[in-house]
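Please have a look at it first.

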Amino acid sequence: MRKLLLVAILSFFISSLNGQVNFWDYYKDLNGWKKFSVKWDNDIAFQTDRYYTNGLEFEYHDQRLQHLYPSRFLFNPFETSESIYSLTLTHHIFTPKVFIIPPGTIDRPFSSYLLLGFKAMNLSSENRAAWTSELRVGLMGKYAGGELVQNSIHKMLPASEPVPGWNTQIDHDVCIDYQVKFEKEIFAMKYVAAEGLAKGTLGVPYTNFGAGLRLKAGLFPDAFSKLGFFDNTSWNMFTFIDACVLASVYDATLQGGAFNQKNHYTLQDINVFVGEMDFGISGKWKALSAGIGGSLRTPRFQEGLPHRWGYIEFGYIF
């Protein structure tokens with residue numbers, strides 16, 4: 001099943017490579033809008049050090065990216081829309097509750113992945129909806145750097161020590177997946193709004209799908225306008241709650257990768273349905289943006305525990 005998913009996505013990608021575009025031929029067509037953002041997740045906010053324990057996500061928005069060849073792989077369901085393109089870099093680290101896993105114990109394995117993505121967010125003011133799609137490629141295992149990052153952080157902290165057990169991590173493997181997300185406005189008033197959510201991922205490290213609801217309160221920008229996204233002349237501040245139910249078909253961070261089966265420890269009995277909740281407060285003043293909040297997840301595997309972590313994020317429009 002894992003190999004079929006990966007081969008299908010690779011075949012789609014390779015079959016479309018029938019031409020080449022010179023990126024810099026379009027230099028004169030730039031509209032000048034760019035944005036850089038970074039988000040850091042860590043469960044230290046809730047005094048834990050287990051499961052999804054650390055994550056870094058970088059995103060660079062640049063309208064020149066629309067002329068790169070990967071944009072052809074990103075589906076847009078709207079007849080008329082405004083599109084925002086970006087490159088992403090994602091690094092996520094997972095550890096068990098007990099670093100040295102005793103025989104017979106059911107716990108999450110050590111794992112990490114590093115993914116480079118090409119992303120398009122299509123905004124339809126007419127339909128009051130947004131469609132986001134992203135193609136990501138990368139690797140998991142030793143060469144993804146989970147052990148290096150976690151133990152480097154622990155060495156810098158006076159009360160921490162290097163984490164043992166990384167020799168049992170999910171072994172190196174190839175990752176490629178395709179993500180989509182649909183957001184639809186349900187109602188909007190001056191200071192309150194609600195949106196329906198649907199999302200899905202096909203490939204490695206994840207294959208899943210889900211649906212949920214977002215509530216926003218405060219002074220928030222227009223979520224379905226490119227001008228609202230790149231506006232660097234005003235300010236806003238709002239709180240939000242996202243609640244989703246996710247059906248998980250495959251999770252390589254628990255079950256192992258698509259090709260390399262030489263793993264010390266994996267879990268095959270994962271929970272199909274997982275509850276997700278994300279909440280926080282976001283704000284922007286002219287070109288600067290920032291946010292802080294947290295995430296909650298129900299157990300991802302049998303005998304697992306619920307988990308939560310905090311995040312901070314920053315962005316700059318230039």
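Predicted model: local features only at pLDDT ≥ 70, side-chain atom pairs only at ≥ 80, totals over all residues.

Let me start with Ala252, which, leaving aside its neighbours within four places in sequence, is in contact with Met140, Ile170, Val204, Pro205 and Gly257, where contact means heavy atoms within 4.5 Å. Residues are numbered from 1 along each chain as its sequence is written, and side-chain values use heavy atoms, with hydrogens and water left out.

Ala252 belongs to the largest nonpolar core, which has 13 residues, and together with Phe94, Tyr113, Met140, Cys175 and Val204 it is among those that touch the most other members. By a nonpolar core I mean a set of buried Ala, Val, Leu, Ile, Met, Phe, Trp, Tyr and Cys residues joined through side-chain atoms within 4.5 Å, and buried means under 20% relative accessible area, with exposed being over 50% and partly exposed in between, using a 1.4 Å probe and protein chains only. As general background, nonpolar side chains in soluble globular proteins tend to be buried together.

For the chain as a whole, 49% of the 318 residues count as buried, and the secondary structure comes to 4 helices and 12 strands; here helices (H or I, at least four residues) and strands (E, at least two) are DSSP runs, numbered from the N terminus. Among contacts between residues at least 6 apart in sequence, 70% join residues at least 24 apart.

Now to the strands, where two count as paired if DSSP finds at least two bridges between them. E1 pairs with E2 in the antiparallel sense over 9 bridges, with Trp40 standing opposite Leu56 in E2, and E1 is also joined by 8 bridges to strand E12 (residues 307-317), again running antiparallel, with Asp41 opposite Tyr311 in E12. Further along, strand E6 (residues 173-188) pairs with E5 in the antiparallel sense over 12 bridges, and E6 pairs with strand E7 (residues 192-204), antiparallel as well, over 12 bridges. E6 and E7 form a hairpin with 3 residues between them, and Ala188 stands opposite Ala193 in E7.

Phe46 is partly exposed, with a relative accessible area of 25%. Thr95, by contrast, lies in strand E3 (residues 82-95) and counts as buried, at 0% relative accessibility; its contacts, not counting residues up to four places away, include Tyr51, Phe110 and Trp166.

Some backbone details deserve a check. Most residues other than glycine have a negative phi, and most peptide bonds are trans. Here the peptide bond from Val204 to Pro205 is cis, with omega near 20°, and Pro205 sits in the loop between E7 and strand E8 (206-219). Tyr51, in strand E2, has a positive phi near 55° and is buried, with a relative accessible area of 7%.

Finally, the pockets. On a 1 Å grid over the protein atoms alone, a pocket is an open set of points where a 1.4 Å probe fits, with protein on both sides within 12 Å along at least five of seven lines, and lining residues have an atom within 4 Å of a point. The largest pocket has a volume of about 250 Å³, and of its 13 lining residues the closest to its centre are Asn42, Ile44, Ile153, His154 and Leu157. H2 gives the most to that lining, with 3 residues. The second largest pocket holds about 150 Å³ of space, a volume being the space filled by probe spheres set on grid points joined across faces, edges and corners. Its lining has 10 residues, with Pro70, Gly117, Phe118, Leu135 and Val137 nearest the centre.
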